[in-house]
Amino acid sequence: MSFILNTLTPIFGLILLGFILRKTHRLGESAASELNRLVVWLCLPALLFNLTAKAQLADIWHSGFVLTFTLATLATFVLTLLWRSRRGAPLSAASLEALGASYANTGYVGIPLCLFVLGDNGLAPALIATLVVVSLLFAIAVICVEVSLQKGRGIGQAMLKVGIALLKNPLVISPLIGIAWNLLNLDVPAVAGALLTLLGDATVPCALISLGAFLAHKQPGNTRCAGTLVGIKLIAHPLFTWLLATYVFALPPLWASAAVLLSALPTGTGPYMLAEFYQQDAAVVSRTILLSTLGSVLTLSALLIWL
């Protein structure tokens, strides 16, 4: 139990600090957004570049893990999408809700949690999971929303917009540049390396405080629907992952633990940002983010005891 407390307290403690600072107006109304931009544009890209530029690439790539996490995540997304569509939700709304049920918070919670639980070796699976969530899953959700909003005017334009958006995404570009840097056997200059290290070290506190400040805003929404989505995210998603990791791909213990742990994370802010961008009703997804973050305190504790 002391291990569980020592692992989760720093993570959720920072989230709580961000929540309190926002509630007491020590942080302004736009604090969550501004901290989020700092993490997305500077801190996390620096961390991802440093990892991929300096690591042995064979050590940060595991095909079984990639397949396990990707298939479990896509299965969660597709099944939720079909369920919400059968209940009469339009494709755009169903896509956002399916994203809320499958979009693990790998960047803000997953990376620090894997570092705390698995040590430095936990950063590689967290990186891969982040790329799957930010690139593949997010792209599929954007395509679905675009197709719904265009009402049959074609998928080509939607895919073009997704491609351009991904090329502009620093969380996608920074590890790709790092991999290219690595393959070319280039050294990172000492001054640049020190700067990147400082930025990377700021990722965890800034990201978690930003998440806490975001959760301090009022989160309206359909509690019943959001509650079902939270159950899918915190229980069904990691269950799918565990079945694949154990009985299909037989992953090594560290990679299997990382896969289950990362899939059991609460919903990230991606669905909310996508809903805001497309001016869709963000009530359900914002409620899902709040409830899954609170619920994950219990589910992650139970999972860590089991692991």
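Guide: Axes are lines fitted to C-alpha atoms, for helices over the stretch in contact, and angles run from 0 to 180 degrees between N-to-C directions. Helices (H or I, at least four residues) are DSSP runs, numbered from the N terminus. The model is predicted, with local features needing pLDDT of at least 70 and side-chain atom pairs pLDDT 80 or more, while totals for chains, interfaces and linings use all residues. Residues are numbered from 1 along each chain as its sequence is written, and side-chain values use heavy atoms, without hydrogens and water.

Visitor: OK, at what angle do H2 and H10 pack?

Guide: Helix H2 (residues 31-54) packs on helix H10 (residues 203-215) at about 155°, and their axes are 9 Å apart. That makes the pair roughly antiparallel (over 145 degrees; under 35 is roughly parallel, 65 to 115 roughly perpendicular, the rest oblique).

Visitor: Which residues make the contact?

Guide: With contact meaning heavy atoms within 4.5 Å, H2 contributes residues including Leu35, Val39 and Leu47, and H10 residues including Cys206, Ile209 and Phe214.

Visitor: Switching topic: is Ser92 buried or exposed?

Guide: Ser92, which lies in helix H4 (residues 91-102), is buried, with a relative accessible area of 5%; buried means under 20%, exposed over 50% and partly exposed in between (1.4 Å probe, protein chains only).

Visitor: And what does it touch?

Guide: Leaving out residues up to four places away in sequence, Ser92 touches Val145, Ser148 and Gln280.

Technical notes:
Helix = DSSP H or I, 4+ residues; strand = E, 2+ residues; numbered from the N terminus.
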